[in-house]
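Q: Could we go through the charged pairs in this model, and then look at some helix packing?

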Amino acid sequence: MARYQAVDRNSVLDAAELIVRTKGIAALTFDAVAKAAGISKGGVQSSFGTKDRLITAMYERWGGEFEALVARLAGPEPTPEALARAHVEGTRRTDKAEGDRAAGMMAALLNSPNHLKGVQAWYKQRLDGIDTDSPEGRRIRLAFIACEGAFMLRYFGFMKISQREWRELFADILALMDGAAPAMPASSGA
């Protein structure tokens, strides 16, 4: 009698994320994930049930990791402003592999109205509590939106942003949050 072999959900999620990152969300099928993970299609189905649940699990894992980073950066009992700043700092630290992973997750979510509602609620929650009637709150909201825009432009491939430009953009975004003027690059001598 064959012995049942437990499926490592994280390995399956790794395989699914790789498919989304390299081939796009349309290529995400149980069969493709099973082949990439080296397990049976039934193993994927028994672990996740539906493609929607697989996408949910991918998003929850990725989102949980990012939220843990934001929580570490924000410190204990953070204000909404501290959470927004920690979010910007966490995004600034994103490397190419993590940016590609996040963009893949975001692209997957856009194809599902139920997931999109969750993302909309998450963004609303992230900005709730920031006093947008104050100049500081308005700067923080603008900086947060600039951060998200820079991320999407870079990692969805809409704009090539070098590592130097990325650092400069985030220095400006963080300066905006602090109410300071953006740093001007040193002149090349004139």
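Salt bridges

Q: How many salt bridges are there?
A: The count comes to 13 salt bridges, a salt bridge being a side-chain nitrogen of Lys or Arg within 4 Å of a carboxyl oxygen of Asp or Glu. This is a predicted model, where local features need pLDDT of at least 70 and side-chain atom pairs count only at pLDDT 80 or more, while totals for chains, interfaces and linings use all residues. Residues are numbered from 1 along each chain as its sequence is written, and side-chain values use heavy atoms, with hydrogens and water left out.

Q: Which residue does D14 pair with?
A: D14 forms a salt bridge with R61, with the closest N and O atoms 2.7 Å apart. The pair links distant parts of the chain, since D14 lies in helix α1 (residues 9–23) and R61 in helix α4 (residues 51–74), 47 residues apart; helices here are DSSP runs of H or I, at least four residues, numbered from the N terminus.

Q: Is R61 buried or exposed?
A: R61 is buried, at a relative accessible area of 15%, whereas D14 is partly exposed at 42% (buried is under 20%, exposed over 50%, partly exposed in between, with a 1.4 Å probe and protein chains only).

Q: Which residues are linked with them in a network?
A: The network of salt bridges links D14, E17, R61, E65, E98 and R101.

Q: Switching to E168, what does its side chain meet?
A: The side chain of E168 meets that of R164 in a salt bridge, at 2.6 Å from N to O. E168 and R164 are 4 residues apart in helix α9, so about one helical turn separates them.

Key: Helices (H or I, at least four residues) and strands (E, at least two) are DSSP runs, numbered from the N terminus.
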